[in-house]
Amino acid sequence: MSAFYITTPIYYVNDEPHAGHGYSTIVADTLARYHRLKGNEVFFLTGVDEHGAKIHKAAEKAGLTPQDYCDKIAPTFIKFWKRLNISHDIFMRTTSDMHKRGAQKFLNALYTSGDVYKGTYEGYYCLHCERFIPEKELTAEKICPIHKLPLEWLEEDNYFFKLSKYQDRLLAHFREHPDFVYPAARRNELLSVLESGLEDISISRSSVSWGISLPFDPEHIVYVWIEALMNYMTALGYETDSEQYRTFWPADIHMMGKDITRFHALIWPAMLMAVDLPLPKQIIAHGFLTKDGEALSKTRGIFVDLEADIAKYGLDAFRYYLLREFSFGNDGDYRPARLHARYTADLANDLGNLLNRVLGLVNKNFEGIPAPTTPGEFDDEITAMAQTTVTTVEEHIKAFAFDAALETIWEFVRRINRYVQQTQVWTLARSPETKPRMGTILYNSLEALRFISVLISPFVPDTAEKIQKQIGLAEFDTVAVWGRLPVGLTVSRGEPIFPRVDVKKQKQPQRKETAPPKQKKTKETSRLISFADFQKLDLQVARILSAEPIEGADRLLKLQVDLGTEKRQLVAGIAEHYKPEALVGKQVIVVANLEPATIRGVESHGMILAGSGDAVVLATLDTEMPLGTQVR
Ligand code: ME8
């Protein structure tokens with residue numbers, strides 16, 4: 001068992017948390033849970049950053065003292081983490097005594113190192129970033145490159161830290177530890193900052209009153225970023241050199257968004273070098289969650305209504321969607337329609353139906369889980385795939401490829417669905433000769449589902465537990481070794497783990513558990529798709545809002561369509577058959593879960609259905625229906 005320490009940023013309490021904070025913390029939670037599953041001793045930190053001018057201003061605006069304001073906002077984060085099922089071991093607050101004392105100890109050590117000196121600072125400051133914006137990054141409008149809000153001119157006496165002195169050591173560290181910063185794009189960005197030269201940084205503010213005072217000059221307040229970084233150590237008991245501190249420092253992973261890597265990968269390590277302490281092992285930066293291409297920001301009114309989506313689809317669907325759909329490290333646009341499509345195809349259809357179907361068959365035909373007495377076709381393939389799935393998922397998680405990890409698990413889910421189908425297990429109940437084989441197939445399917453529940457447990461913990469409960473396991477079994485599932489357990493076919501969610505509350509056709517009619521194998525059958533395959537299509541009623549030609553592409557039109565819950569852009573090859581103005585206002589049918597594509601440089605998120613022969617005629621419904629209605 002080894003110690004594993006992972007942190008999220010500590011978030012500013014100037015406002016309540018939003019989905020972006022949620023994303024960082026869900027990713028860190030998934031890793032924390034994964035390491036616990038591996039048997040490691042995990043310490044998972046999240047928390048809030050409570051000092052500095054930004055918080056002070058927010059408190060003033062709310063008519064509260066800074067402390068009262070922090071005491072009001074901090075619990076909203078705690079509530080949010082509960083809502084998102086975050087398994088942190090500590091919720092760190094920088095107004096806690098433990099942090100204040102630990103930070104002062106660190107500041108004294110920094111001062112003693114001889115790398116702190118007094119000087120004057122002047123420059124443009126972003127209150128939202130809580131940092132001076134270097135000359136190189138300034139625009140003529142003096143607007144923050146991240147927040148797009150006006151900067152303030154500040155001039156004051158400050159203490160400085162000799163960051164420049166550590167440039168060569170930092171460069172050497174980056175070169176000797178290629179994994180220090182992930183992904184490579186962020187590492188390269190930081191390397192070029194390092195190569196272009198580091199300037200000393202001011203570490204105190206004389207104009208700020210809300211914060212921790214410098215132990216060697218109480219007139220000055222420590223710059224909030226310097227103090228905030230120290231929380232990763234003070235939280236462990238750095239002040240008293242506690243057992244916990246010695247077990248978990250240095251951190252294995254500082255997880256964060258791409259906006260704050262310089263603080264974590266340049267300034268923080270240099271500070272640690274100055275006081276002769278070990279550096280965190282990895283700085284991992286993810287991209288931004290965007291809405292319509294823009295970073296989420298309460299200040300700018302761009303947000304994701306995650307409460308509504310969690311209420312509709314459940315928390316695990318939300319976690320699954322974020323981890324499955326976004327490619328870690330890149331920005332990702334939040335789209336409720338994609339969440340719906342993932343829910344329907346991956347969760348309700350592939351996984352939920354499989355569990356329900358297998359449990360139903362066990363319930364109907366056996367007293368408890370049957371023994372696997374009769375090996376047959378496909379069994380070896382299934383057991384081998386179970387083990388390779390475990391290994392591949394592990395590799396993907398180590399590479400922070402959460403989407404690939406989930407896709408690998410779902411390949412296995414889909415394989416088990418096919419196994420049930422190929423063996424036509426439901427037909428084997430008819431005779432006593434075939435029943436043992438039926439029992440074996442059902443045992444294997446349930447054991448596969450147990451494997452799946454273990455593998456998905458870091459991502460969607462509630463679902464994993466529900467699966468094992470329905471299988472009949474009293475305690476969650478985390479061991480991915482084939483054959484551990486006890487024979488004879490009483491399974492309970494409870495509520496579907498992912499009940500069908502219909503945006504417009506439509507009734508869905510129910511599938512009956514019967515053998516498909518016998519078919520002669522002809523060329524025709526190879527063209528057939530299963531009902532499950534058909535159900536993967538997310539066809540929705542939409543209205544065309546606008547249409548315009550695409551320069552240099554005579555056959556294409558760029559369309560904006562309304563799906564009721566969201567607006568989309570898509571490209572359609574109908575320019576030779578429809579004039580743009582004739583399309584506006586028309587109801588059409590859109591394939592809403594088609595992978596996005598860029599066609600002639602224009603992004604397309606879906607496809608419009610049309611009859612396509614000599615003429616091309618758009619498919620519509622007989623009469624208009626509400627936008628977003630599913631077409632079946
Ligand atoms: O920077 N998408 O706090 P902060 C994804 N207190 N992640 C997002 C996001 C988005 N749209 N918006 C925010 C601070 N985040 C400092 C940190 S640490 C010692 C001090 C997440 O409240 C992401 O992790 O501004 C980002 O780095 C962090 O919130 C910034 O949070």
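**A close look at helix packing**

Analyst: Helix 1 passes helix 3 in a right-handed crossing. Keep in mind that this is a predicted model. In this pair, the residues that touch are Ala 19, His 21, Gly 22 and Thr 25 from helix 1, together with Phe 77, Phe 80 and Trp 81 from helix 3. Sort them by class and you get four nonpolar, three polar and no charged residues. To place the two on your screen, look for helix 1 at residues 19–37 and helix 3 at residues 66–83. Their axes come within 11 Å and cross at roughly 55°. An angle under 35 degrees would count as roughly parallel, and 65 to 115 as roughly perpendicular. Helix 1 and helix 3 are therefore oblique to each other.

Now try it on helix 5 (residues 167–176) and helix 6 (residues 184–195), which pack at about 155° with their axes 10 Å apart. Anything over 145 degrees counts as roughly antiparallel, so that is the word for how helix 5 and helix 6 lie relative to each other. The crossing here is left-handed. On the helix 5 side, the contact uses Gln 167, Leu 170, Leu 171, Phe 174 and Arg 175, and these meet Arg 187, Leu 190, Leu 191, Leu 194 and Glu 195 of helix 6. By class, that contact divides into six nonpolar, one polar and three charged residues.

Next up are helix 12 (residues 336–365) and helix 15 (residues 435–456), packed at an angle of about 145° with axes 10 Å apart. Their crossing is left-handed. From helix 12, the residues in contact include Leu 351, Leu 354, Val 358 and Val 362, while the helix 15 side includes Met 438, Leu 442, Leu 449 and Ile 452. The whole contact has 13 nonpolar, two polar and one charged residues.

Leaving aside residues up to four places away in sequence, Glu 394 touches Tyr 34 and Lys 38.

Let's finish with the strands. In general, strands of a sheet pair through backbone hydrogen bonds, either parallel or antiparallel. You can find each kind here. For parallel, look at strand 1 and strand 2 (residues 41–49), which pair over eight bridges. Tyr 5 stands opposite Phe 43 of strand 2. Strand 1 (residues 3–12) has nine of its ten residues buried, so the rest of the structure largely encloses it.

For antiparallel, there's an open sheet of four strands in the order 5-4-6-8. Strand 5 (131–132) and strand 8 (201–202) are the edges, each pairing on one side only. Strand 6 (residues 152–161) is joined to strand 8 by two bridges.

How values were computed
Residues are numbered from 1 along each chain as its sequence is written. This is a predicted model: local features need pLDDT of at least 70, side-chain atom pairs count only at pLDDT 80 or more; totals for chains, interfaces and linings use all residues. Side-chain values use heavy atoms; hydrogens and water are left out. Axes are lines fitted to C-alpha atoms, for helices over the stretch in contact, and angles run from 0 to 180 degrees between N-to-C directions. A crossing is left-handed if the near helix is turned anticlockwise from the far one by less than a right angle, and right-handed if clockwise. Contact means heavy atoms within 4.5 Å. Ala, Val, Leu, Ile, Met, Phe, Trp, Tyr, Cys and Pro count as nonpolar, Asp, Glu, Lys and Arg as charged, and the others, Gly among them, as polar. Two strands pair if DSSP finds at least two bridges between them. Buried means under 20% relative accessible area, exposed over 50%, partly exposed in between (1.4 Å probe, protein chains only).
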